[in-house]
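Trainee: Could you walk me through this structure, one step at a time?
Mentor: Gladly! Have a look at it, and ask whatever comes to mind.

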Amino acid sequence: MERLNRSTFRDVIEPPGTGIAHLGLGAFHRAHEAVFTEDAIRKAGGDWGIAAVAPRSRAVLDPLLEQDRLYSVLTLDGEQVTPRVLGVHTQALHAASAPAAVERLLADPAVRIVTLTVTEKAYRADSGIMRLLLAGLRARAATQAPIALVSCDNLPSNGQRLRELITPELDDVSFIGFPSTMVDRIVPASTDATYATAREVLGLEDRACVAAEPFNAWVLEDDFPGGRPAWDQAGAVITDDVAPWEGLKLRALLGVHSALAYLGALAGARTVDQALALPGMRSAMERFIATDIAPTLTPPDGVTVEQYGRSALERFANAGLRHRTLQIAMDGSQKLPQRLLGTIADRRAAGSVPVYATLVLAAWMKFVRGAADDGTPLPLDDPMADRLRATPSLLELDAVFPPGFADDAELRAQLSAWSADLDRHGVVGTLQALR
Ligand SMILES: NC(=O)c1ccc[n+]([C@@H]2O[C@H](COP(=O)([O-])OP(=O)(O)OC[C@H]3O[C@@H](n4cnc5c(N)ncnc54)[C@H](O)[C@@H]3O)[C@@H](O)[C@H]2O)c1
Ligand SMILES: O=P(O)(O)OC[C@@H](O)[C@@H](O)[C@H](O)[C@H](O)CO
């Protein structure tokens with residue numbers, strides 16, 4: 001079968017120039033920012049082509065280069081597949097082997113935006129990608145060409161987080177904007193089944209394709225000193241304050257996603273939709289949202305947490321996505337603080353013990369121990385894996401847990417009760433007893 005490229009597929013955009021450097025050439029960027037940006041260029045023009053930077057692995061970079069940087073996004077709605085070929089990438093670079101080229105890109109005044117999807121664990125001044133970003137910004141200081149650094153990672157106040165990371169390392173940040181953003185589209189890692197679907201629907205071999213759900217959302221603060229694509233004309237929401245959206249997403253969507261990942265993985269569910277279909281799971285998740293999460297959030301005007309949570313559950317039920325529970329379960333030590341532990345801390349401060357949230361925490365603790373309910377080994381893919389496995393009382397890890405958790409007798413009692421239930425009855429037995 002022929003390969004997807006600019007000769008085999010001609011009806012595709014070719015941006016007139018590069019205005020964005022993107023760090024983190026993973027699945028998410030290809031189905032989210034790239035789609036918004038291509039739509040914005042189609043609607044309003046602009047030299048906003050994207051130079052994508054793969055920090056370490058060449059697994060996406062090489063196929064993309066072989067395909068003239070074209071790839072498809074396969075939108076999956078149950079059994080229905082809608083393909084779309086994107087051509088918004090003007091360059092693709094490898095940071096690990098060509099750091100000087102990336103540094104030049106970041107210093108280039110024509111590039112006015114740097115976006116990032118580098119996962120939670122890369123947000124440290126000493127991570128390789130941050131050091132490279134800092135080197136590029138130091139080189140850029142010579143021209144002071146205005147630029148926005150836009151985190152598209154699932155972190156609270158992600159713009160502020162970047163600002164706090166970057167500011168102490170540079171003499172001058174006056175030419176840099178740090179808008180916070182809320183990004184939302186479920187984009188599972190591609191598998192052989194994804195490549196097979198692409199072959200079927202495109203009639204071409206596409207080794208850089210990604211599959212995604214129909215839903216796609218982006219809320220951004222407007223802090224772009226060098227301008228930005230007309231993302232608003234492509235459906236993005238530009239706001240003064242992203243915090244209410246962020247809180248909702250982190251706790252009512254991602255908190256529930258992680259809950260399904262840990263409870264599901266323990267029960268032997270391979271995918272999120274399978275986890276949600278376990279007996280008792282949906283009603284437990286509805287109660288987790290209504291009883292534990294909702295009281296901790298002030299949602300944006302016109303939205304209720306329960307409504308938002310119900311729509312999140314509908315999205316998780318999309319069987320076409322086959323999003324693996326073990327993928328979402330990765331890096332729990334980096335994800336749970338913003339997805340779950342904030343909810344627990346807020347409920348404890350209000351004098352309540354959040355029963356469903358502590359069940360999820362007990363499930364993560366059992367997951368860390370490495371065996372499913374039927375004894376099947378579970379992998380612990382986490383930058384703190386060694387410390388997690390070596391620590392007898394996880395609540396004492398202050399790199400993960402907020403202060404006060406370790407000494408909270410009521411919280412400990414609820415957690416022990418759930419741990420005993422999970423050990424004795426497994427996830428399904430525990431959930432069924434809740435009904
Ligand atoms: N996939 C989704 O559904 C989704 C949705 C919303 C937000 N996000 C955000 O995007 C991030 C990436 O998701 P993805 O699906 O693209 O994952 P992915 O595994 O496909 O890609 C991860 C990217 O991050 C880079 N990376 C990983 N660890 C790094 C490190 N220590 N230093 C520098 N770079 C590193 C990888 O090289 C890769 O380019 C997530 O962590 C999340 O914050 C993902
Ligand atoms: O991408 P991760 O690994 O940080 O988290 C896995 C999922 O929970 C997450 O990617 C969601 O699918 C996404 O954030 C929905 O917008």
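Trainee: How are α5 and α6 oriented to each other?
Mentor: Keep in mind that this is a predicted model. Helix α5 (residues 128-140) and helix α6 (residues 158-166) pack at an angle of about 70°, with their axes 11 Å apart. Angles of 65 to 115 degrees count as roughly perpendicular. The two helices, α5 and α6, are therefore roughly perpendicular to each other.

Trainee: How many nonpolar residues are in the contact of α5 with α6?
Mentor: On the α5 side we find M130, L133, L134 and L137, and these meet L162, L165 and I166 in α6. In that contact no residue is polar and none is charged, and the number of nonpolar residues is 7.

Trainee: Is α8 parallel or oblique to α14?
Mentor: Helix α8 spans residues 243-267 and helix α14 spans residues 355-369. Their axes are 9 Å apart, and the helices pack at an angle of about 55°. That angle makes α8, relative to α14, oblique.

Trainee: Is the crossing of α8 and α14 left-handed or right-handed, and how many charged residues does their contact have?
Mentor: Where α8 passes α14, the crossing is left-handed. From α8 come A259, Y262, L263, A265 and L266, which meet L359, V360, A363, W364, K366 and F367 in α14. By class, this contact of α8 with α14 has 10 nonpolar residues and no polar ones, and the charged count is 1.

Trainee: How are α8 and α11 oriented to each other?
Mentor: Helix α11 covers residues 305-316, and its axis comes within 10 Å of the axis of α8. The two axes cross at roughly 40°, and the crossing of α8 and α11 is right-handed. By their angle, α8 and α11 are therefore oblique.

Trainee: Which residues make the contact of α8 and α11, and how many of them are polar?
Mentor: From α8 the contact takes L248, K249, A252, L253, V256, H257 and L260, and from α11 it takes V305, Y308, A312, L313, R315 and F316. Sorted by class, the contact of α8 with α11 has 10 nonpolar and 2 charged residues, while the polar count is 1.

Trainee: Which feature does UniProt place at residues 19-232?
Mentor: This span is 30% helix and 25% strand, and its end C-alpha atoms lie 17 Å apart. In an unreviewed entry, UniProt gives residues 19-232 the feature "domain: Mannitol dehydrogenase N-terminal".

Trainee: What does the UniProt annotation say for residues 241-390?
Mentor: Here the chain is 66% helix and 0% strand, and the end C-alpha atoms are 41 Å apart. The annotation, again from an unreviewed entry, reads "domain: Mannitol dehydrogenase C-terminal".

Trainee: What radius of gyration does the chain have?
Mentor: The chain has 16 helices and 12 strands, and its C-alpha atoms fill a box of roughly 60 × 55 × 45 Å along the principal axes. With 435 residues, a compact globule would have a radius of gyration near 22 Å. The chain agrees with that, at 22 Å.

How values were computed:
Residues numbered from 1 in each chain as written. Chains lettered and ligands numbered in written order. Predicted model: local features only at pLDDT ≥ 70, side-chain atom pairs only at ≥ 80, totals over all residues. Heavy atoms only, no water. Axes fitted to C-alpha atoms, helices over the stretch in contact; angles between N-to-C directions. Helix = DSSP H or I, 4+ residues; strand = E, 2+ residues; numbered from the N terminus. Parallel < 35°, antiparallel > 145°, perpendicular 65-115°, else oblique. Left-handed = near helix turned anticlockwise from the far one by under 90°. Contact = heavy atoms within 4.5 Å. Nonpolar A, V, L, I, M, F, W, Y, C, P; charged D, E, K, R; others polar. UniProt positions renumbered as here; feature names shortened; annotations may be inferred. Rg over C-alpha atoms; globule rule 2.2 N^0.38 Å.
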